[in-house]
Amino acid sequence: MKKLVMGLAAASMLFACKTQKNPQATIEKPVLAQLDLVNVENDKVWVTVDPAEFKTESTIFNIPKTVPGTYSEDNYGKFTESFKAIDYKGNELSFEKINDNSYKIEKAANLDKVMYLVNDSFDWEEEGGVYSMAGTNILKDKNFLLNLHGFVGYFDGMTEKKYQLEIVRPEDLVAGTSLTIASTKNSEEGNSKKDVYNLDRYFEVIDNPIMYSKPDTTSFMVENMQVLLSVYSPNEKHSAQTLKPGMEKMIRAQKEFLGDINSTDKYAILVYLSEGEGDASNYGALEHHTSTVVVMPESMDASSLDKSMTDIVSHEFFHIITPLGIHSNEVHYFDYNDPKMSKHLWLYEGVTEYFANLFQVNQGLIDNKEFYKRMNQKITTSKRFDDTVPFTLMSENILTDEYKDSYYNVYLKGALIGMALDIRLRELSGGNMGILDLMKKLNAKYGKDKPFNDDELIPTIVELTYPEIQNFFDQYVTGETPIPYDEFFAKAGIEEQEQMTEVGFFLKGQQPYITANQETMQIVFRGDTEFNTFLKELGIEGGDVIKRANGEEYNVQNVYELIRKSQEWKEGDDFTMTIVRNEEEMQLKAKVSTPMDTQMTLSEVQNADGDKIELRNAWLKG
């Protein structure tokens, strides 16, 4: 890490003195947070946080350890350095660094502000263990991805105070955000401007990401909601205009599906497209109340990117229902440095993921067969986890070593809990009530400003629906009984069959044929699974290490690129893979052919009785 020389602008910020408080003033001053995106050196920016006056002997300043939606301990404070606590005369106060994220400052009554440098996570080795969509980017004069939990901290006891956010930025970069800019002023330095945002509490700071980049934005209206789309594509392979048709089609379908649920009048989609090696390396999205941050590889072709964006962004958009609209005290009063987790990840992530698939079949974006295929893949993959662990127990303890590796299962079994509950509600109501209707009732009872107590949610659901639903939760959510999926599918006239079906070259649904050797960073073919027809024809054996495919080298760091490239392989083309088997390098050759494998598939029963067909139609199309 190169030594940073403090610029003149930063130095002036450091030694400036705050105007003394007017004793006659009755309006409480907000916490002032300032980011300097102009005087950037070595990919670091100065951040200043200026609180109101303290009455206590000492205070603690924190950078978040974890934030809502990530369900992991990421320690964003590790990206900061050169921390300083400054008094009203411009002198530095003594402080104690408690851990990566927290600083204890004595003589708090004399404290004017704190200052520190922030490095971006994209530059760190393996991004510091932070998911890219929850990470940060600092690329001077080109792009600033501001997931603000990585920049702006808070003082103990002050998370409910108002915040004023001031961002000094190059004048040719524009903000992609769902926030309203209160004012924009010319900065004291030339070629820069200052954007000012007013926020009601600290949660709103971290809940509103901002991406500054050269203008590549568009917007569209869906009913009474404005959707903003901001794209950063470093090589201009994709643009807001090329992504707009798919996003508009998707969100129109979602709004139609949701009906009278209306949680926001503005929604922003911030898309960062990564160049790959040396850039953001894991892909997906992170939800917020009125926006989502999406990170995807720029190398994807337009069709593949459009499909992936539909699946990923639709999930994040449905978070406006839960946990953003319906949530517990643990979520509403989130402790960023000592979080207490809710029992109801099945609701927050599971039902959201279920809706992201259900709305597509409901609105005709996919057919019934594709929906069944997706649900069946979730069943298959979820069985890799312990199916007897109560989901509420796992959720409440998701940050512990015992359960943290089970988090992926919230997108699998969590969604399947939502599906089974949906079918059961349709059955009990004669097709008239499903899980979306339940969400509307919960939203009317609670809403974004009225959290529930964790233990009251299930009794409330039973009260709003049917007494029999208590038994559903006792068995399959708080209990240890695996969900008998075949029984639920049978209610809708659907059965499971084994068939040869088309699969991916390296993935069978969500089950991979390959794994990673984290010590050597090699991609290895698994030895505990049957391979698809193409891999068998190629001559792959369990334990083979992939070195090259069609002349290009691959390892764990660019495995996503290998999977993406495989989607472009064409039937009948020559194909060569270089592998290492028993420490010997070998070349395997074959013609590209469609990979097939046996899979359990879900099919609609021929001549199913009328009641089952009616329930199925109510479930998928109601």
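Biologist: Why are α6 and α7 called roughly antiparallel to each other?

Modeller: In this predicted model, the axes of α6 (residues 345-362) and α7 (residues 368-382) cross at roughly 160°. Angles over 145 degrees count as roughly antiparallel, and α6 and α7 are therefore described in that way. Their axes come within 9 Å, and the crossing is left-handed.

Biologist: Which residues make the contact of α6 with α7?

Modeller: From α6 come Glu353, Tyr354, Asn357, Leu358, Gln360 and Val361, and from α7 come Asn368, Phe371, Arg374, Met375 and Lys378. By class, the contact has 5 nonpolar, 3 polar and 3 charged residues.

Biologist: Which residues touch the most other members of the largest nonpolar core?

Modeller: That core has 91 residues, and those that touch the most other members are Ile269, Trp346, Tyr354, Phe355, Phe371, Met439 and Trp619. The element that gives the most to this core is α6, with 11 residues.

Biologist: What is tryptophan 619 in contact with, leaving aside its neighbours within four places in sequence?

Modeller: The partners of tryptophan 619 are Tyr354, Leu358, Phe371, Met419, Asp422, Ile423, Arg426, Phe489, Ala492 and Ile494. Another core, of 62 residues, lies apart from the largest one, and its members include Val49, Ile105, Leu165 and Tyr202.

Biologist: What describes the packing of α11 and α12?

Modeller: The axes of α11 (residues 457-464) and α12 (residues 468-476) come within 8 Å and cross at roughly 150°. The crossing is right-handed. Ile458, Ile461 and Val462 of α11 meet Ile469, Gln470 and Phe473 of α12. This contact of α11 with α12 has 5 nonpolar, 1 polar and no charged residues.

Biologist: At what angle do the axes of α10 and α11 cross?

Modeller: The axes of α10 (residues 435-445) and α11 cross at roughly 115° and come within 11 Å. Here too there is a right-handed crossing, of α10 past α11. Leu438, Lys441, Leu442 and Lys445 in α10 meet Leu457, Thr460, Ile461 and Leu464 in α11. By class, 5 nonpolar, 1 polar and 2 charged residues take part in the contact of α10 with α11.

Biologist: Why does tyrosine 71 count as buried?

Modeller: Tyrosine 71 has 12% relative accessibility, and buried means under 20%; tyrosine 71 therefore counts as buried. Tyrosine 71 is found in the loop between β3 (58-62) and β4 (80-87). Its phi is near 55°, a positive value in a residue other than glycine.

Biologist: Why does lysine 107 count as exposed?

Modeller: The relative accessibility of lysine 107 is 58%, and exposed means over 50%; lysine 107 therefore counts as exposed. Lysine 107 lies in the loop between β7 (102-106) and β8 (111-119), with a positive phi near 55°. Most residues other than glycine have a negative phi.

Biologist: What kind of peptide bond joins threonine 322 and proline 323?

Modeller: The bond between threonine 322 and proline 323 is cis, with omega about 5°. Proline 323 lies in the loop between α4 (302-318) and α5 (329-332). Most peptide bonds are trans.

Biologist: What do the buried residues of α15 pack against?

Modeller: They pack against β25 (514-517), β26 (522-525) and β27 (545-549). In α15 (residues 559-566), the residues Val559, Leu562, Arg564 and Ser566 are buried.

Conventions:
Residues numbered from 1 in each chain as written. Predicted model: local features only at pLDDT ≥ 70, side-chain atom pairs only at ≥ 80, totals over all residues. Heavy atoms only, no water. Axes fitted to C-alpha atoms, helices over the stretch in contact; angles between N-to-C directions. Helix = DSSP H or I, 4+ residues; strand = E, 2+ residues; numbered from the N terminus. Parallel < 35°, antiparallel > 145°, perpendicular 65-115°, else oblique. Left-handed = near helix turned anticlockwise from the far one by under 90°. Contact = heavy atoms within 4.5 Å. Nonpolar A, V, L, I, M, F, W, Y, C, P; charged D, E, K, R; others polar. Core = buried A, V, L, I, M, F, W, Y, C linked by side-chain atoms within 4.5 Å. Buried < 20%, exposed > 50% of the residue type's maximum accessible area, 1.4 Å probe, protein only.
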